[in-house]
Structure formats: C-alpha cells, structure tokens
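Take a look at the model below.

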Amino acid sequence: MAVTRKAAAHWEGSLLEGKGEVAFNSSNLGTYPVTWAARSAEPNGVTSPEELIAAAHSTCFSMALSHALAQAGSPADVLDTSAEVDFQPGTGITEIRLVVRASVPGLTAEQFADFAVRAKEGCPVSQALKAVPIALRAELV
C-alpha cells in the first residue's frame with residue numbers, strides 16, 4: 001500500500017521580490033519561509049527547495065544504508081549523513097554530494113564503501129534525482 005505525504009507552498013509577488021512559505025502538512029511540523037534570495041544567494045534563516053531536497057536525500061540514504069547493513073548482519077552503531085545540493089540560477093540543480101561517516105563494527109572501509117554505493121543506488125530519493133550527478137564519500141570513524 002502506498003503512503004502519501006503532503007506539503008504545500010504559498011507564494012506572493014514576483015520571483016525576485018516575492019516571498020512564500022512551505023508547510024509540512026502530513027507531519028504538522030510547521031510552516032517555513034522561502035524566498036528567491038535564500039535560493040540563489042545566502043539563506044539568512046530562510047529555506048529553499050534545494051535545502052529541502054538535501055534533507056530528504058540525507059535522511060533517505062541513511063535509512064537505506066542502515067537497512068542494508070542490518071540485513072547483512074552488520075548493523076551500524078551510528079550513521080551521520082550530510083547532503084549538499086548545488087543550484088545554479090538559470091540552469092537548475094547541478095550536483096548533489098552525500099557524505100556519510102559511520103561506526104560499523106566488523107566492516108572494513110572497502111566493505112562499508114560498497115554498502116554505501118549500493119544504498120545510494122537503491123535509495124528512493126536517489127532514484128528520483130537520477131538526472132543529477134550524485135557524488136558519495138563514505139568514511140568509517
């Protein structure tokens with residue numbers, strides 16, 4: 001059975017001078033401001049679609065990697081994943097970089113890197129973002 005999550009955006013004004021809000025409707029986590037300036041320059045306390053993509057991607061990847069490791073009998077003690085999403089005005093999203101640092105008892109760095117690559121390829125958010133180059137760095141700590 002499919003699960004549906006909902007968010008909604010409200011925008012007022014032109015692209016460059018306008019402003020908006022994004023609401024997390026399914027979870028009721030809140031409503032957050034968005035602006036073109038936050039997307040194309042400095043965030044200044046305002047979010048952007050790319051930051052939301054980075055949040056979704058880092059979370060989805062961590063879940064996929066955690067599951068793969070546990071299924072193989074090597075559950076992680078800790079997974080810390082960061083995602084960076086590059087946006088070029090006039091071009092779009094140009095690159096995504098995932099960095100995962102983990103503590104996984106019993107695995108070599110090479111084994112962990114292999115799990116990370118497979119998790120990146122199988123992560124549903126990675127699948128949805130296939131049109132964008134996704135770099136990955138995996139480190140055991």
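In what order do the elements of the protein chain run from the N terminus on? The order is β-β-β-α-α-β-β-α-α-β. That comes to 4 helices and 6 strands. Helices (H or I, at least four residues) and strands (E, at least two) are DSSP runs, numbered from the N terminus.

This is a predicted model: local features need pLDDT of at least 70, side-chain atom pairs count only at pLDDT 80 or more, and totals for chains, interfaces and linings use all residues. Residues are numbered from 1 along each chain as its sequence is written, and side-chain values use heavy atoms, with hydrogens and water left out.

The C-alpha atoms fill a box of roughly 55 × 35 × 25 Å, taken along the principal axes. The protein chain has 141 residues, and 30% of them count as buried. Buried means under 20% relative accessible area, exposed means over 50%, and partly exposed lies in between (1.4 Å probe, protein chains only). Contact means heavy atoms within 4.5 Å. Among contacts between residues at least 6 apart in sequence, 47% join residues at least 24 apart.

Now the surface. The protein chain exposes about 8700 Å², and carbon and sulfur atoms supply 54% of it. Such areas come from the Shrake-Rupley method with a 1.4 Å probe; for residues, only the protein chains shown count as cover. Trp-11, Leu-15 and Leu-16 make a nonpolar surface patch of about 310 Å². Patches are made of residues with over 30% relative accessible area and no salt bridge; like charges are joined within 9 Å, nonpolar side chains (Val, Leu, Ile, Met, Phe, Trp, Tyr) within 5 Å. Leu-16 sits in the loop between strand E1 (7-12) and strand E2 (19-24). Its relative accessible area is 57%, so Leu-16 is exposed.

Lys-19 belongs to strand E2. It counts as exposed, at 55% relative accessibility. Beyond residues up to four places away in sequence, Lys-19 touches His-10, Trp-11, Glu-12, Val-34 and Thr-35. His-67 is 48 residues from Lys-19 along the chain, and their C-alpha atoms are separated by 39 Å.

Neighbours within four places in sequence aside, its contacts include Ile-96, Cys-123 and Leu-129.

Gly-92 is in strand E5 (residues 92-103). Gly-92 is buried too, with a relative accessible area of 16%. Leaving out neighbours within four places, Gly-92 is in contact with Asp-86 and Phe-87.

The whole structure holds 7 salt bridges. A salt bridge is a side-chain nitrogen of Lys or Arg within 4 Å of a carboxyl oxygen of Asp or Glu.

One of them joins Glu-50 and Arg-39, with the closest N and O atoms 2.7 Å apart. This pair links distant parts of the chain: Glu-50 in helix H2 and Arg-39 in helix H1 (residues 36-40), 11 residues apart. Glu-50 is buried at 4% relative accessible area, whereas Arg-39 is partly exposed at 30%. Glu-95 pairs with Arg-97 in another salt bridge, at 3.4 Å between the closest N and O atoms. A network of salt bridges links Glu-84, Asp-86, Glu-95 and Arg-97.
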